[in-house]
Amino acid sequence: MTPDIFVLQTENTDTTKTLSLHEAGWRLVLLGLERHFPKSLEGREDLRRQILRGETDGQQILVNHYGKPAFADPALPHFNISHSGDRVVCALAMQPVGIDIQMKRRVNFDLVGQRLMPPAEYDSFLKMADKADHFFQAWVRMESYLKCKGIGISTDLTKLTPEGRFEYLLTGDKDYYCAVYADNEYKVRLEEVSWLHLQNR
């Protein structure tokens, strides 16, 4: 049976900004645990409170050298959070997982693309009339891989050869690009969560 990756996403619809994107990301993690891994929270009220507050204490929630958070208990799911613009996404799975979302915006495609893509891909990229779609897909693809592995962008990205599986999400949205990555096969289960629901937690 193909294991699931649960992806929860939300969009900030509150102009008062009473809930930050950072806080919303952690609340999505907690909601994902409650919905899909409820046993992981049994008898862990202190952990529940930490997640709700987005606290990394170095005991129950660790942060690696590059800032990637993870649960200290290996029996708990892996998770990853990303936000851009007004969107927040998180992924939870029983295998290491990375997710990235980017809002479409003005970028020096040629300059950044040279750091992002292998030489053969970059050469083809330079010949494209409309570079935006390919650029942002390459960006979220690479970021989701880096976040899964817990490594930073100081690595020479042009020499990386991810061997796992990517899946693009939110493909019907012209303003955002999103990808999830894991080493092993998976099935994505995407869920929309209202901003109001997160605010009222």
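Is L170 buried or exposed? L170 is buried, with a relative accessible area of 15%; here buried means under 20% relative accessible area, exposed means over 50%, and partly exposed is in between (1.4 Å probe, protein chains only).

## Before you look around

This is a predicted model, where local features need pLDDT of at least 70, side-chain atom pairs count only at pLDDT 80 or more, and totals for chains, interfaces and linings use all residues. Residues are numbered from 1 along each chain as its sequence is written, and side-chain values use heavy atoms, with hydrogens and water left out.

Helices (H or I, at least four residues) and strands (E, at least two) are DSSP runs, numbered from the N terminus. Two strands count as paired if DSSP finds at least two bridges between them.

## The four-stranded sheet

Let's begin with an open sheet of four strands, in the order β4-β5-β1-β9, with mixed pairing. At its edges are β4 (78–84) and β9 (187–192), each of which pairs on one side only. From one strand to the next, the twist averages 15°; axes are lines fitted to C-alpha atoms, for helices over the stretch in contact, and angles run from 0 to 180 degrees between N-to-C directions.

Follow β4 and you'll find it paired with β5 (residues 87–93) in the antiparallel sense, over seven bridges. Within that pairing, S84 stands opposite R87 in β5. Helix α1 (residues 21–36) packs on this sheet and touches β1 (4–11), β4, β5 and β9, where contact means heavy atoms within 4.5 Å. The direction of α1 makes about 35° with that of β5.

## The three-stranded sheet

There's also an open sheet of three strands, ordered β6-β8-β7, with antiparallel pairing. Here β6 (98–103) and β7 (165–169) stand at the edges with a single partner strand each, so one side of each is left without a neighbour in the sheet. The twist averages 20° from one strand to the next.

Six bridges join β6 to β8 (residues 176–182), and the two run antiparallel. For Q102, the bridge partner in β8 is Y177.

## Back to L170

So where does the residue from the opening sit? L170 is in the loop between β7 and β8. Its phi is near 55°, a positive value in a residue other than glycine. For background, most residues other than glycine have a negative phi.

Helix α5 covers residues 132–149, and its 18 residues should span 26 Å at 1.5 Å a residue; the expected span is 1.5 Å times one less than the number of residues. The end C-alpha atoms of α5 are 26 Å apart, which agrees. Of the 18 residues of α5, 13 are buried, so this helix is largely enclosed by the rest of the structure.

Which helix crosses α5 at roughly 35°? That's α3 (residues 109–116), and the two axes come within 11 Å. The crossing of α3 and α5 is left-handed, meaning that the near helix is turned anticlockwise from the far one by less than a right angle, while clockwise would be right-handed. On the α3 side, F109, V112, G113 and L116 do the meeting; on the α5 side, the residues are A132, F135, F136, A138, W139 and M142.

## Charged pairs

The structure holds 14 salt bridges, each being a side-chain nitrogen of Lys or Arg within 4 Å of a carboxyl oxygen of Asp or Glu. In one of them, R44 pairs with D73, and the closest N and O atoms are 2.5 Å apart. This pair links distant parts of the chain, 29 residues apart: R44 is in the loop between α1 and α2 (45–53), and D73 is in the loop between β3 (69–71) and β4. R44 is partly exposed at 22% relative accessible area, and D73 is partly exposed too, at 26%.

D173 forms a salt bridge with R87, with the closest N and O atoms 2.6 Å apart. D173 lies in the loop between β7 and β8 and R87 in strand β5, so the pair ties together parts that are 86 residues apart in sequence. R87 counts as buried, at 11% relative accessibility. E167 and R165 also meet in a salt bridge (2.9 Å, N to O), with E167 partly exposed at 25% and R165 partly exposed at 24%. Elsewhere, E34, E45, R48 and R201 are linked in a network of salt bridges.
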